[in-house]
Structures are given as structure tokens and as C-alpha cells.
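I opened my notebook to look up a pocket, a helix and some salt bridges. Here is what I wrote down, entry by entry.

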Amino acid sequence: MEKTLVLVKPDAVQRGLIGEVTSRLERRGLRLVAAKFLAVSQELAETHYAIHKGKTFYEPLINYITSSPVMAMAWEGPNAVAAVRQTMGATRPTEAAPGSIRHDFGLEVGRNLTHASDSVENGEKEVALWFKPEELVSWGRDVDRWIFE
Ligand code: DAT
Ligand code: MG
């Protein structure tokens with residue numbers, strides 16, 4: 001089953017939006033497989049955002065993600081990566097589709113509330129970076145057959 005990493009970033013945690021983000025993903029039909037609330041270390045932040053090293057926004061981005069705790073979650077489902085990216089909306093809140101989280105709650109790219117993996121490959125890599133294998137829960141829901149074809 002396709003998996004994706006979701007981070008409720010420090011701004012969204014501070015604003016009391018963990019439930020809002022989680023609720024939208026549950027409503028979408030995705031299945032939660034792991035969750036933890038943590039203060040992100042410098043090392044984890046740098047590994048997670050390694051692809052952005054050297055860009056102008058890299059240092060502010062590392063400062064932002066380590067500034068206050070985050071809620072990290074792994075979600076799964078058919079097309080989970082694309083579905084979650086869509087629920088989050090485009091990187092810049094002013095370009096995010098109405099109804100998406102970044103549209104509904106955000107204004108600035110540097111306070112865009114959430115992270116979601118951008119490809120199936122990165123979904124696997126990021127879930128493995130943030131969670132140990134034993135932290136992933138393999139389970140089923142009675143309603144799965146009414147959501148997953
Ligand atoms: P996304 O989080 O939508 O996957 P990304 O991977 O391109 O976006 O960038 C990671 C984060 O870096 C993004 O959520 C916010 C920040 N960021 C990206 N582009 C930026 C820019 N041009 N100016 C400031 N921050 C930026
Ligand atoms: Mg990204």
C-alpha cells in the first residue's frame with residue numbers, strides 16, 4: 001500500500017490545527033499507520049530537507065521546522081501521495097486551491113502549515129527516515145472495502 005509522510009509543522013501545531021489536519025486526512029479515507037509528536041533535531045531537519053541545501057530559504061526553513069514541536073504521521077491508501085498533496089495544496093498558500101489546508105489556513109510560503117511527501121519514492125524514504133519499522137502499524141478497517149476498490 002502506498003505510504004506518505006505528513007508533518008503538521010510548528011505553526012500549525014501552535015495554532016491548534018493538529019486535529020484539523022488529521023480530521024481532513026481521515027475524512028478523505030486515508031489510513032493512519034504511525035504518529036508521533038516530537039521536537040525535531042537539527043540533524044533530522046537537515047536530512048529531511050537535504051534537497052534544499054544551498055537555496056536561499058534553506059536556513060529559515062531549518063529554523064522554522066526546529067522552532068517548536070511537530071506532529072509526524074504516516075498515512076496510507078491508494079494514491080496516498082497525490083491525495084495528500086492535494087489536500088495540503090500548493091507550496092505557496094496564495095497558489096493553493098480553495099478548500100486545501102494551505103489555502104484555508106495560510107498566507108506565506110514560510111508558514112505553510114504542513115509537509116507531505118512529493119512522490120511515491122520519497123514517501124517510502126521519508127516514512128523510513130521519521131519512523132522505525134516497528135513504529136508502523138499494519139492494520140485494517142471494516143470500512144476499507146467501501147473506500148479502497
Ligand atoms: P513542499 O513543502 O510543497 O513540498 P518544497 O519541497 O518545494 O515544497 O519546499 C519545502 C519547503 O520550503 C516549503 O514547504 C516551504 C519552503 N519553501 C519552498 N520554496 C520556498 C521559497 N521560494 N521561499 C521560501 N520558502 C520556500
Ligand atoms: Mg517538498
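**Entry: the pocket**

I looked up the largest pocket and found 28 lining residues, with Tyr49, His52, Phe57, Leu61 and His115 nearest its centre. I noted a volume of about 740 Å³, which is the space filled by probe spheres set on the points. By type, the lining divides into 10 nonpolar, 10 polar and 8 charged residues; Asp, Glu, Lys and Arg count as charged, and Gly is among the polar ones. The largest share, 4 residues, comes from α7.

**Entry: ground rules**

This is a predicted model, where local features need pLDDT of at least 70 and side-chain atom pairs count only at pLDDT 80 or more, while totals for chains, interfaces and linings use all residues. Residues are numbered from 1 along each chain, chains are lettered from A and ligands numbered from 1 in the order written, and side-chain values use heavy atoms, without hydrogens and water.

**Entry: helix α2**

Which residues of α2 are buried? I found Val21, Thr22, Arg24 and Leu25, in a helix that covers residues 18-28. They line one face of the helix, because seen down its axis they fall within an arc of 160 degrees, taken from the directions from the axis to the C-beta atoms. Buried means under 20% relative accessible area, exposed over 50%, and partly exposed in between (1.4 Å probe, protein chains only). Helices (H or I, at least four residues) and strands (E, at least two) are DSSP runs, numbered from the N terminus. On the face turned away from the buried side I saw the exposed Glu26 and Arg27.

**Entry: salt bridges**

I counted 8 salt bridges in the structure, each a side-chain nitrogen of Lys or Arg within 4 Å of a carboxyl oxygen of Asp or Glu. One of them joins Arg24 and Asp104 (3.1 Å, N to O). Arg24 is in α2 and Asp104 in α6, so this pair ties together parts 80 residues apart in sequence. Arg31 bridges to Glu76 at 2.8 Å, and it also meets Asp144 at 2.4 Å, N to O.

Conventions
1 Å grid on protein atoms, 1.4 Å probe; cavity = no way out; pocket = protein on both sides within 12 Å on 5 of 7 lines; lining within 4 Å.
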